[in-house]
Amino acid sequence: MPRRKKEDQPQEDIRSIKTPPLIMGMKDVLPTDSRYWEFVERTVVKLIDDYSFKRIETPVIEKYELFNHTLFKQNGLVEKELFSFIDRGEKLALRPEATTSIARAFVAHNMANQTMPMKVYYWGPMFRQGRVEENTFRQFTQVGFEIIGDPTPAIDAELIILGHYLLKNLMLESEIRLNSLGCAVCRPEYKKTLAGFLKSKRAAVCADCRKSAGRDPMRFFSCNNAKCMKLREEIPQTIDWLCDECRSHLFKVLEYLDELKIPYRLDPFLLRTFDYYSKTVFEITTKPDDEKAAQVVLAGGGRYDYLIEMVGGARTPAAGFAFGLERIVNQMKNSKVELPAGPELDVFVTQLSEQARQKAFAIYERIRHEDFTVRANFSKSSLKAQLELAKKANAKLVLIFGQKEIVEGTVLLRDLDSGIQEVINQNRIIPEIKKRLKK
């Protein structure tokens, strides 16, 4: 009985749907953007080594009360920004940031018994709901640096310096803004003064700020109402109400920056989103071409000496900062940053038949294990197409495996710079590459 053609045979019914759209506030990172991500990653890894940070990983899901207590206690953003849900009767949340999770891990694992200061970094996805706009995502990748167990201003300065040079190494023009929020001693007095000022200007502030003046007057700083923004020039400034210790701490931070001639700007209106900050806070923003252009926050952080105590540990000084990879990559693309060329390619392996491809796989692995940089495209059989890829990758040498070479146990070795090629024995491939590249 003759065999039926493939197209005549019954086929499984493959059901399809209309492709669902991407969720608003989410982002696909496509291969066309990978070179930006890889460049940022290489730059970060270099700084991690230079500044001796060790990696820490925490879960993306935590207990709801961890964030509700530490992040949003006063500013009422829990309903607006925190992704929370009930799982088997337990209220959980997707982490909106990692610093609080690290503080929880510090207490849970008795890390206070380790050598201080502890320098850690993290790298992973964070989640926040709310208004979606340019440079704001519901899921975003954040890289952060934390130094725990040191109260000195040098730690604040080290983090600001690290952030400054990180962006400089990424070829982004930036501006540093600093402020001090004071401590548990001087901040209550400032809040009391600010509340009194806002009450005396009730007619000049918006309805929301009038309501929050007694409960949380600091919310005034984040108000975008035109009336309130106009009044900012008259309000008492935090720096004028700092205690001697907080004022000395801030000025020493500035002295470190002055020593390195790193420019900065004191901003009396600068706060941070979360409630746990104290003393030094800072943001590193884009440097706009003109005064009307909006600044984009590229990195931010500060000191949080009370956070570990807030999650059940002993009072432990700490500071940190973080940046979002998506925002950094977007800014690099908008600024038309020219990425440096990647590492030079030593060898490109080509093949012209199925049998040659099998041999090329084996040779490819031998070269790779010798620590040479080697590339190939085993899906292509056209020599011309493969040679074009080799030239585009700036390969120094090309190995060509054809049917004749497989039969004779040889390979064509071509020097792309000179165009000279010669036949060598396959057993001499590694010694010949070392000789040509002087490795």
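A charge is taken to sit over an aromatic ring if NZ of Lys or CZ of Arg is within 6 Å of the ring centre and within 35 degrees of the ring normal. In this predicted model, Lys119 meets that description, lying over the face of Phe53 at 4.9 Å from the ring centre. Arg232 provides another example, its charged end sitting over the ring of Phe269, 5.7 Å from the centre of that ring.

Phe53 also belongs to an aromatic cluster, which it forms together with Phe145, Phe282 and Phe321. Turning to aromatic pairs, a pair of rings is described by the distance of the centres and the angle of the planes. The model holds seven aromatic pairs in all. One of these is formed by Phe282 and Phe321, whose rings are tilted, with 6.0 Å from centre to centre and 50° between the planes. This pair links distant parts of the chain, since Phe282 belongs to strand S9 (residues 278-286) and Phe321 to strand S11 (residues 318-324), and the two are 39 residues apart. Phe282 and Phe321 are both buried.

An edge-to-face arrangement is found for Tyr364 and Phe378, with their ring centres 5.6 Å apart and an angle of 75° between the planes. Here again distant parts of the chain are linked: Tyr364 lies in helix H12 (residues 354-368), whereas Phe378, 14 residues apart from it, lies in the loop between strand S13 (374-376) and helix H13 (383-392). Both members of this pair, Tyr364 and Phe378, are buried as well.

Helix H1 gives the most to the lining, with four residues, and the lining as a whole divides into 10 nonpolar, four polar and six charged residues.

Why is helix H4 (residues 99-108) described as largely enclosed by the rest of the structure? The description holds because seven of its 10 residues are buried, namely Thr99, Thr100, Ser101, Ile102, Ala103, Ala105 and Phe106. The elements that cover these buried residues include strand S2 (61-63), helix H2 (64-70), strand S5 (118-127), strand S6 (139-148) and helix H10 (307-310). Just after H4, Asn110 takes a positive phi of about 50°.

How values were computed: Residues are numbered from 1 along each chain as its sequence is written. This is a predicted model: local features need pLDDT of at least 70, side-chain atom pairs count only at pLDDT 80 or more; totals for chains, interfaces and linings use all residues. Side-chain values use heavy atoms; hydrogens and water are left out. Rings of Phe, Tyr and Trp (its six-membered ring) pair if their centres lie within 6.5 Å; planes under 30 degrees apart count as stacked, over 60 as edge-to-face and the rest as tilted. Buried means under 20% relative accessible area, exposed over 50%, partly exposed in between (1.4 Å probe, protein chains only). Ala, Val, Leu, Ile, Met, Phe, Trp, Tyr, Cys and Pro count as nonpolar, Asp, Glu, Lys and Arg as charged, and the others, Gly among them, as polar. Contact means heavy atoms within 4.5 Å.
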